[in-house]
Amino acid sequence: MVLTQEEIDGCREAFLAFDKDRSGTIDVWELRQVLEAMGQKPTEEELFQMISEVDDNMSGSIDFGEFLKVIENQKERAENFDDENDMIDAFVACGGKANKEGHVKRETLVRIIKQDFGLTIDIEELINKIDSDGSGEIEFDEFKILLSS
């Protein structure tokens, strides 16, 4: 994964902006600020993992070259991220189980879409199209199709 020149320039600006002490390196706390400014919410564990993946000299902080590797890794993860985890979370939130078993009731999904989210899509028609067995219970595979369409 290679960053464009524009992305590298943006990274340099971000690096300089968050290298508060002008040490030429960013520590874990400064890295958190950079990533949050980019719209990400990394956990402490993820932050330490990011640094350890690229911290070639084991200093506990990263220089600009190492910082570019972090951003490249993040970009690659974002591009390769399978929405499966989000899909499972949504399935569970609607009544399914984390192991993809169980189902979401038609009424629950209609209520969430129309009342909770106030969406005007014809959710009933979409459910009719994907509820292959006509049970009114949306299994994980059907749920995934529904959210992907």
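**Entry 1**

I note that the model is predicted. The side chain of Asp56 meets that of Lys69 in a salt bridge, with N and O 2.8 Å apart. Asp56 sits in the loop between helix 3 and helix 4, and Lys69 in helix 4 (residues 64–80), so the pair ties together parts that are 13 residues apart in sequence. I recorded Lys69 as partly exposed, at 33% relative accessibility.

**Entry 2: other salt bridges**

I found that the structure holds four salt bridges. One of them joins Lys114 and Glu124, whose closest N and O atoms are 3.3 Å apart. Lys114 belongs to helix 6 and Glu124 to helix 7, so this pair ties together parts that are ten residues apart in sequence. Both are partly exposed: Lys114 has a relative accessible area of 36%, and Glu124 stands at 26%.

I then turned to Glu125 and Lys129, whose side chains also meet in a salt bridge (3.3 Å, N to O). These two residues are four apart in helix 7, which means that about one helical turn separates them. Glu125 is partly exposed, with a relative accessible area of 39%, whereas Lys129 is exposed at 60%. I also looked up the separation of Lys129 and Gly39: they are 90 residues apart in sequence and 36 Å apart in space, C-alpha to C-alpha.

**Entry 3: a charged residue without a salt bridge**

I asked which side chain of opposite charge is nearest to Asp131. A salt bridge requires nitrogen and oxygen within 4 Å. Asp131 lies in the loop between helix 7 and strand 2 (137–138). Leaving aside residues up to four places away in sequence, I found that Asp131 touches Gly136, Glu137 and Glu142.

**Entry 4: the buried side of helix 3**

In helix 3 (residues 44–54), I listed Leu47, Met50, Ile51 and Val54 as buried. Seen down the helix axis, the buried residues fall within an arc of 90°, so they line one face of helix 3.

**Entry 5: a nonpolar surface patch**

I asked which residues make the nonpolar surface patch of about 300 Å². They are Phe117, Leu119 and Ile121. Phe117 is in the loop between helix 6 (106–116) and helix 7 (123–130). I recorded Phe117 as exposed because its relative accessibility is 58%.

Methods: Residues are numbered from 1 along each chain as its sequence is written. This is a predicted model: local features need pLDDT of at least 70, side-chain atom pairs count only at pLDDT 80 or more; totals for chains, interfaces and linings use all residues. Side-chain values use heavy atoms; hydrogens and water are left out. Patches are made of residues with over 30% relative accessible area and no salt bridge: like charges are joined within 9 Å, nonpolar side chains (Val, Leu, Ile, Met, Phe, Trp, Tyr) within 5 Å. Accessible areas come from the Shrake-Rupley method with a 1.4 Å probe; for residues, only the protein chains shown count as cover. Buried means under 20% relative accessible area, exposed over 50%, partly exposed in between (1.4 Å probe, protein chains only). Lys and Arg count as positive and Asp and Glu as negative; His and the chain ends are not counted. Contact means heavy atoms within 4.5 Å. The arc is that of the directions from the helix axis to the C-beta atoms.
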